[in-house]
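Hi,

Here is the model I promised to pass on.

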Amino acid sequence: MNTLLTIKNLHIHFETHVGKVQAVRGVDLSVKKGETLAIVGESGSGKSVTAKSIIGLLPKRNAMIDKGEIWFENKNLLTLNNKQMKKIRGAKIAMIFQDPMTALNPTMKVGKQVMESAIKHLNLSKKEARNKAVELLNLVGISNPETRLNQYPHEFSGGMRQRIVIAMALSCNPKLLIADEPTTALDVTIQAQILDLLKHIQKETGTAIIFITHDLGVVSNIADSVAVMYAGKIIEKGTVEEVLLKPNHPYSWGLLKSMPNLDTKGKLYSIPGSPPDMIQPLKGDAFAPRNEFALAIDYDMQPPMFKVSETHYAATWLLHPQAPKVDFIRETQDVLMKQDDKISSIDNNVLLEVKGLSKYFYLKSKQTLKAVDNIHLEIRRGETLGLVGESGCGKSTVGRTIIGLHEPTSGEIIYDNTKLTRHNQRQLTKKMQMIFQDPYSSLDPKMKVEDIIAEGLDIHHVVKDKKERKQRVEELLKTVGLQPHSASRYPHEFSGGQRQRIGIARALAIEPEFIVADEPISALDVSIQAQVINLLLKLQKENNLTLLFIAHDLSMVKYISDRIGVMYLGTIVELANSDELYKNPLHPYTQALLSAIPNANPIVEKSRERIILKGTLPSPVYPPSGCRFRTRCLLATDACEKTPEWREVETDHWVACHYA
Amino acid sequence: MKRFIFLRLVNIIITLFIIATVTFFLMKLLPGSPFDEERLSKLSDEARLEFLAKYGLDQPVYVQYAKYIGSLIKGDLGISYYYKGQTVNALIKDRIGPSMLLGIQAVILGLSVGIILGIIAAYRHNTIWDYFTMLVAVLGVSIPNFVLAAILQFYVGLQWGLFPVAYWEGYQHTFLPTISLGVTVIAIIARFTRNEMLEVLQQDYILTAQSKGISECAVLIKHAIRNALIPVITILGPVFVSLLTGSLVIENIFSIPGIGSLFVDSIKMNDYTTIMGLTLFYSAFFILTILIVDLLYGIIDPRIRIHGRE
């Protein structure tokens with residue numbers, strides 16, 4: 001196959017207030033015609049910067065390309081002037097961005113935005129461009145294209161907007177499509193639709209795709225070849241099977257291991273430490289301080305790319321003929337074989353009971369948003385109950401209502417045999433705490449860590465004097481794996497993972513029995529996620545905590561939870577033991593949700609049949625009557641217009657479906 | 001939408017009623033009188049009563065209030081105490097012309113120059129252009145317009161003799177007061193536009209537009225400016241207020257027979273009916289401006305337009 005794009009020895013740095021940040025440090029890469037190359041890496045690894053440099057969209061103010069070449073159709077893109085570059089940008093190389101909610105101009109009609117580059121590059125008349133736009137919208141699966149062209153972006157859902165962004169990128173039949181985390185902001189079932197669409201488009205148009213992501217499951221679903229980036233360098237590249245099944249770099253091993261699959265038991269593997277600060281000049285292998293197999297030479301010299309096979313390369317000294325052999329396959333097997341040490345201290349003693357809970361929000365427009373509608377739930381002492389569902393399904397509202405941040409519209413919350421009312425709320429919230437999703441916005445930037453953690457202690461008058469307060473804070477910091485002297489610092493001095501640890505310490509301060517964790521890891525990188533999850537599990541065991549774990553990442557929920565509830569549009573559709581739920585999902589929505597999770601094994605992933613749900617989540621303001629899932633359900637019949645009963649089909653396996 | 005406008009109009013009427021009431025009683029509480037107390041006391045009782053009766057001042061306060069509100073409903077602002085025999089309505093009608101002309105010119109000047117400066121400053125962020133614009137903005141807000149007016153009068157008017165220094169005798173006479181009023185507007189608008197523009201230029205959709213390979217100019221005009229200018233509409237309300245207060249001083253400095261100078265004169269002369277009338281007039285003008293701004297916002301921003309329809 002011939003090569004479409006070649007990047008040679010690319011170096012890019014950014015000028016920032018704190019100094020020079022070496023974002024890309026010598027990237028070599030090539031993309032063949034019609035293939036999909038996935039670039040994998042965590043935030044700050046330089047993957048987006050590399051992609052933006054191809055299309056010439058690095059921020060002009062502070063980004064500098066130090067050296068390197070980018071060859072595309074016999075031209076070095078880095079030597080082209082602005083005018084020449086414009087002829088390539090949008091016409092031959094197009095880009096899709098991460099967040100479809102912000103990637104479209106909110107005040108311009110969708111049609112105009114789709115036609116814009118076709119008019120510019122293909123010299124089409126307005127009418128021809130319009131026909132082209134209709135054709136494109138058909139291609140990306142938007143029905144009624146003629147009318148929808150005249151709508152504004154806010155009239156589309158997130159998944160639909162991403163389809164429009166894709167249509168826009170395809171308008172000039174580009175040879176190369178750069179997709180920068182195009183599914184990260186989307187729900188799993190929508191992600192599955194978009195991945196399918198991209199594959200379909202590739203088959204139709206033969207375009208090559210550079211797919212940037214941090215999700216190895218997505219990589220195994222879509223990629224032909226993979227490049228793994230760490231600290232501005234490509235540390236391993238090869239075909240998708242080679243990299244995901246026979247990785248050679250310890251970082252690739254770590255990434256694969258820290259991602260639980262549906263069978264992972266025991267302690268989750270986590271890469272120690274955090275990625276390097278790219279402001280300091282790096283000596284040796286950037287990954288060495290986090291590498292458990294690091295050799296002495298790793299700290300002194302950068303490893304070259306060692307050839308593993310014709311297509312497979314990795315930059316690690318472990319591949320040097322004189323290096324000791326480390327067997328990755330056996331190493332992972334070891335971890336997987338370690339038996340479940342999460343012996344449950346669960347008794348059947350119910351700690352928290354939710355009976356017919358509803359939470360409605362009354363909108364300004366006199367409409368009612370039924371965020372949570374008549375749900376029943378029991379959480380047993382010492383267990384972890386996972387609550388999963390797509391965004392907008394009401395899972396966060398459930399957590400917030402239980403903890404008293406919202407007042408329930410109707411229904412009861414019974415905690416330890418006491419009904420929650422306005423009067424005893426203060427007393428009971430001492431026993432319940434919450435860990436929030438975004439570690440960046442959930443900590444007051446103007447407060448010292450000590451004061452953040454001790455706020456609960458002060459409110460509930462738990463400590464006697466300043467000395468005890470300080471002691472308690474330092475203890476808590478140690479518990480969550482931070483240095484005691486962090487107490488006098490401010491949140492901005494910490495990384496995302498460390499901040500989430502502070503959030504956990506804050507929640508633990510007043511020794512709660514019950515913790516609601518609302519998507520505690522979704523804002524973190526894969527290698528950091530595993531650290532936080534391990535910490536949560538350790539704390540749970542030590543303090544006999546009961547957890548309500550709210551998330552959309554199903555494999556993580558499966559790993560951490562004893563039982564799982566699946567929510568759809570304000571109702572719980574299925575609730576069962578986590579093993580049971582994954583082995584024997586009864587509700588069609590659960591089945592679709594499970595099927596939408598991409599598997600990190602490319603052979604399994606590419607051969608399996610998937611259920612891909614049609615359409616998007618209906619508005620919770622006008623939920624469908626009867627079974628709420630019937631508008632998207634494959635089994636739906638007239639009987640589904642009646643609300644299905646919430647019943648126990650097998651012991652401890654509850655479901656709300658007429659056909660289960 | 002119609003319902004929205006109707007509710008807002010009801011709201012406006014209630015607001016104006018409250019303002020009328022408050023100003024009426026404030027006037028009654030003020031010490032002093034529009035008439036020369038000394039000369040009034042020299043009149044015979046009969047003559048004095050007759051004089052007071054002419055202005056309705058012989059009756060108890062609540063009757064005066066009821067009469068005042070009654071005539072307000074008919075649109076009659078009353079008779080001036082100072083300008084003999086003239087109604088306040090007529091006074092406003094006579095004087096509104098110059099004020100409106102100055103106001104409109106200052107808004108046009110302020111908006112056009114302010115927006116252009118703001119866009120350039122944001123586009124050339126952290127360059128000499130940016131610093132220059134910010135300097136203009138800071139000076140424009142911090143130098144009081146009567147100081148600026150005096151400076152303009154001295155240099156442009158007297159020293160260089162480019163434009164007339166004062167009075168209202170032809171179009172040439174509008175130049176200096178317009179500039180004096182407009183500079184504050186330029187400053188407010190430039191600063192605001194720059195901030196909005198900086199915000200918009202960082203949005204993903206600008207990157208998307210750039211990735212299409214269309215010219216920088218098209219990205220700026222089609223994608224950036226419109227989105228940046230929508231919020232600018234919201235500060236038009238405060239801009240009009242600054243123009244109103246500015247006109248009070250500026251019209252006096254340049255001896256322009258507008259309602260600003262009328263207002264100042266009426267306060268000096270304790271001309272209660274005129275003060276009340278103009279207060280109401282200013283309030284009504286300001287409230288209506290805000291209503292128009294809100295409606296405009298809904299028309300220009302498609303996201304709000306839809307909301308209004310639902």
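Below is what I found, chain by chain and then across the contact.

Some ground rules first: this is a predicted model, where local features need pLDDT of at least 70, side-chain atom pairs count only at pLDDT 80 or more, and totals for chains, interfaces and linings use all residues. Residues are numbered from 1 along each chain as its sequence is written, while chains are lettered from A and ligands numbered from 1 in the order in which they are written.

**Chain A**

Confidence here is given as pLDDT (the predictor's own score for each residue, from 0 to 100). Chain A averages 87, with 96% of the residues at 70 or above. One stretch to treat separately is residues 336-343 of chain A, where pLDDT stays under 50. For that stretch the model has eight contacts beyond four places in sequence; a contact means that two C-beta atoms, placed from the backbone, lie within 7 Å.

Chain A contains 21 helices and 24 strands. These are DSSP runs numbered from the N terminus, with helices being H or I over at least four residues and strands being E over at least two. The radius of gyration of chain A is 26 Å, which agrees with the value near 26 Å for a compact globule of 660 residues. That radius is taken over C-alpha atoms, and the globule rule is 2.2 Å times the number of residues to the power 0.38. Along the principal axes, the C-alpha atoms of chain A fill a box of roughly 75 × 65 × 45 Å.

Of the 660 residues in chain A, 50% are buried. Buried means 20 or more other C-beta atoms within 10 Å of a residue's own; 12 or fewer is exposed, anything in between is partly exposed, and the C-beta atoms are placed from the backbone. Among the contacts in chain A with a separation of 6 or more, 68% join residues 24 or more positions apart.

UniProt (unreviewed entry) puts the feature "domain: ABC transporter" at residues 7-256 and 352-594 of chain A. Its positions are in the numbering used here, feature names are shortened, and annotations may be inferred rather than shown by experiment. Residues 7-256 of chain A are 39% helix and 28% strand, with end C-alpha atoms 26 Å apart. For residues 352-594 of chain A the figures are 37% helix, 27% strand and 27 Å.

Q531(A) counts as buried because 24 other C-beta atoms lie within 10 Å. Leaving out residues up to four places away in sequence, Q531(A) touches S270(A) and G497(A).

**Chain B**

Chain B has 14 helices and zero strands. Its radius of gyration is 24 Å, well over the 19 Å from the globule rule for 310 residues, so chain B is more spread out than a compact globule. The box filled by its C-alpha atoms is roughly 90 × 60 × 30 Å along the principal axes. Buried residues make up 30% of the 310 in chain B.

From UniProt (unreviewed entry), "domain: ABC transmembrane type-1" covers residues 96-297 of chain B. That span is 82% helix and 0% strand, and its end C-alpha atoms lie 28 Å apart. The same record's "transmembrane region" feature includes residues 5-27 and 100-123 of chain B. Residues 5-27 of chain B are 100% helix, with ends 33 Å apart between C-alpha atoms. Residues 100-123 of chain B are also 100% helix, at 34 Å.

**Where the chains touch**

The contact takes 24 residues from chain A and 20 from chain B. On chain B, the elements giving two or more residues are α9 (204-211), α10 (216-234) and α14 (302-309). The largest share comes from α9(B), with seven residues.

**Cores**

A nonpolar core is a set of buried Ala, Val, Leu, Ile, Met, Phe, Trp, Tyr and Cys residues joined through C-beta atoms within 7 Å. The largest has 230 residues, and I178(A), I210(A) and L548(A) are among those with the most contacts inside it. Its largest share, twelve residues, comes from helix α8 (residues 175-201) of chain B. A second, separate core has 13 residues, including L77(B) and Y272(B).

Cheers
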